[in-house]
Amino acid sequence: MPRKRQRETKPIRIDVISRERLDALKAALERLGLPEYVDQVDIVSALVLFTTPEQLAGMLAAYWRSTQDLPGD
């Protein structure tokens with residue numbers, strides 16, 4: 001099995017709901033035939049590198065709408 005090159009990383013924090021979605025995305029990618037070694041770092045890094053500011057603005061608006069009624073810390 002091919003191995004991916006290791007890259008330097010830094011930790012980030014995401015909310016629990018987003019983490020659950022991240023896990024679901026990873027599983028869906030495997031079903032689409034991507035290598036099983038694709039991980040959360042790859043997914044988040046790809047989103048950050050290739051999302052335009054305009055796309056992110058729309059995603060943030062949707063995120064805030066969908067999480068506004070969640071209990072706070």
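Partly exposed, as used in these legends, means a relative accessible area between the buried limit of under 20% and the exposed limit of over 50%. Keep in mind that this is a predicted model.

**View 1. Arg19 and Asp23 pair up on helix H1.** Here the side chains of Arg19 and Asp23 come together in a salt bridge, with 3.2 Å from N to O. Both residues sit in helix H1, which covers residues 16-31, and because they are 4 residues apart, about one helical turn lies between them. Arg19 has 41% relative accessibility, so it counts as partly exposed. Asp23 is partly exposed too, at 37%.

**View 2. Lys26 and Glu30 make another salt bridge.** This time the N to O distance is 2.5 Å. Is Lys26 buried or exposed? Lys26 is buried: its relative accessibility is 17%, and the cut-off for buried is under 20%. Glu30, with a relative accessible area of 38%, is partly exposed. With this pair and the one in View 1, the model's count of salt bridges comes to 2.

View 3. Pro35 is partly exposed, at 34% relative accessibility. For a sense of scale, look from Pro35 to Ala24: they are 11 residues apart along the chain, and their C-alpha atoms are separated by 15 Å.

How values were computed:
Residues are numbered from 1 along each chain as its sequence is written. This is a predicted model: local features need pLDDT of at least 70, side-chain atom pairs count only at pLDDT 80 or more; totals for chains, interfaces and linings use all residues. Side-chain values use heavy atoms; hydrogens and water are left out. A salt bridge is a side-chain nitrogen of Lys or Arg within 4 Å of a carboxyl oxygen of Asp or Glu. Helices (H or I, at least four residues) and strands (E, at least two) are DSSP runs, numbered from the N terminus. Buried means under 20% relative accessible area, exposed over 50%, partly exposed in between (1.4 Å probe, protein chains only).
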